[in-house]
Amino acid sequence: MSRALEGNVEAMLATGNPQAAYEAIVDSLVSLSTSPAGRAEFEILPYTHVLPKGQYVLRDKLSLGISKLGLVQAFLFARPILMGHLDGTAPRSDEEIDAATAVMLLLDAEHLTAANTRKRLIARKIKAATAEVEDDIAGDVDGIWARVAVDLAKEKLFVDSLLTSRLYRHNKSPTLLNHRRWLLNEIIQKQFNIDFNLRRQLQDVVFVAAERHPQNYYAWHHARIQANILLGRPQAGLEPSYDGPGSIRTSAEAQEILKLVVDWCISHHTDTSGWSFLYWAFIRLTGLTSNDINATHGRILQLAKSLRLTNEAVWVFLRTVTASWLVSSERRRDFANVLHYLYEKEGDRYPAGKVLQSAKSWFREFEDDDNA
């Protein structure tokens with residue numbers, strides 16, 4: 001993200017009131033964080049959208065429109081607060097640092113210092129709660145951990161709001177997704193009573209982020225990490241194993257996840273990252289049977305035929321599944337027949353013909369290797 005400013009913007013910043021902008025935006029964020037209604041929707045209003053003097057925010061329920069000029073001013077006010085706190089020259093309270101880092105991440109999703117500072121704030125609260133539990137003589141252990149769970153839930157909601165809002169780079173931000181991964185690990189390791197259902201995680205966060213930023217490899221990779229945790233197969237010890245509410249252990253649960261992903265991929269059939277996740281789900285989702293995979297493969301083939309889908313994302317997925325021995329010989333014949341049908345109909349068009357010819361050549365090579 002470029003931090004260069006146009007000359008007229010620099011002039012407006014020089015005559016603005018950064019503190020007023022900062023306080024207005026922080027007040028709105030705090031108000032949203034106390035709302036039980038759910039995820040917020042942030043939108044940055046362009047410089048051409050001029051608000052009345054002294055106004056920096058427009059709010060409609062959970063939707064927050066923030067003046068871009070006001071946000072830049074607030075960022076310039078927030079950064080010295082964080083830097084002064086970190087270097088020890090101007091220590092601030094946890095609440096002040098939480099507010100400053102929230103403003104900074106709202107403008108710059110890749111501000112690693114801000115994200116890591118928020119991690120340290122939460123880690124300190126968990127450490128303090130642990131010490132309080134050990135020293136507690138009244139026996140209010142549940143109450144102590146409940147207070148920390150509230151802070152974790154608020155942080156997760158804030159990060160989810162950033163990831164799913166129509167912002168510049170937030171939908172695919174590795175920094176925000178890594179922060180969310182860290183949060184989920186803390187929630188599971190300490191067994192906080194916070195919802196961690198893969199279906200809702202996919203629908204409410206991953207699907208939205210992937211739709212607002214197509215080919216969103218980062219969001220789909222995050223979905224793999226979540227699914228691995230819920231499957232009880234954490235990667236190389238980097239995540240804790242999980243067997244609580246929302247874990248995937250039955251065929252019905254796996255089929256529900258499969259249906260959601262298939263429907264999303266069909267609705268976004270040019271998105272190769274979604275198809276890659278579906279192929280991964282075929283292999284990794286515990287409880288899926290060969291009938292489930294064959295039926296899904298057949299459904300996608302028939303849709304490709306009836307809708308004449310010839311984009312590369314669909315056909316790379318179909319040919320990869322066909323070659324993986326996840327499907328039956330009958331499905332491989334269906335693949336060849338649909339491919340031949342579409343090539344006759346669309347083969348003289350570009351780029352459809354090129355995609356189908358590539359799949360056709362690949363399938364012949366696959367057949368030769370199979371018969372060797």
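User: Where does H111 lie?
Analyst: In the loop between α4 and α5. Helices here are DSSP runs of H or I with at least four residues, strands are E runs of at least two, and both are numbered from the N terminus. This is a predicted model: local features need pLDDT of at least 70, side-chain atom pairs count only at pLDDT 80 or more, and totals for chains, interfaces and linings use all residues. Residues are numbered from 1 along each chain as its sequence is written, and side-chain values use heavy atoms, with hydrogens and water left out.

User: Is H111 buried or exposed?
Analyst: H111 counts as buried, because its relative accessibility is 12%. Buried means under 20% relative accessible area, exposed over 50%, and partly exposed in between, with a 1.4 Å probe and protein chains only.

User: What is H111 in contact with?
Analyst: F75, M104 and L105, leaving aside neighbours within four places in sequence. Contact means heavy atoms within 4.5 Å.

User: Zoom out. How many helices and strands are there in the protein chain?
Analyst: The protein chain has 15 helices and 3 strands. Of its 372 residues, 46% count as buried. Among contacts with a separation of 6 or more, 66% are between residues 24 or more positions apart.

User: How many residues has the largest nonpolar core?
Analyst: It has 52 residues. Y22, I25, F42, V103, L106 and L162 have the most contacts inside it. A nonpolar core is a set of buried Ala, Val, Leu, Ile, Met, Phe, Trp, Tyr and Cys residues joined through side-chain atoms within 4.5 Å.

User: Which elements give two or more residues to this core?
Analyst: α2 (18–33), β3 (63–67), α3 (68–86), α4 (94–107), α5 (112–135), α6 (141–164) and α7 (174–189). α4 gives the most, with 9 residues.

User: And V103, what is that in contact with?
Analyst: Beyond its neighbours within four places in sequence, V103 is in contact with Y22, I25, V26, L29, L71, A74, F75 and A78. Apart from this core lies another, of 45 residues, including A223, L260, V261 and A313.

User: Where is T117 found?
Analyst: In helix α5. T117 is buried, with a relative accessible area of 3%. Leaving out neighbours within four places, its contacts are L82, L86, I97 and T101. The C-alpha atoms of T117 and I97 are separated by 8.2 Å, and the two are 20 residues apart along the chain.

User: New topic. How do the axes of α8 and α10 cross?
Analyst: The axes of α8 (residues 198–212) and α10 (residues 251–267) come within 11 Å and cross at roughly 15°. That makes α8 roughly parallel to α10. Angles under 35 degrees count as roughly parallel, over 145 as roughly antiparallel, 65 to 115 as roughly perpendicular and the rest as oblique. Axes are lines fitted to C-alpha atoms, for helices over the stretch in contact, and angles run from 0 to 180 degrees between N-to-C directions.

User: Which residues meet there?
Analyst: From α8, L198, R199, L202, Q203, F207, A210 and E211. They meet E256, I257, L260, V261 and W264 in α10.

User: What is A209 in contact with?
Analyst: A209, in helix α8, is in contact with L163, T164, N171, N216 and A219, leaving aside neighbours within four places in sequence. A209 counts as buried, at 3% relative accessibility.

User: Last one. Which residues in α13 are buried?
Analyst: A313, V314, W315, F317, L318, V321 and T322. Just after α13, W325 takes a positive phi of about 65°.
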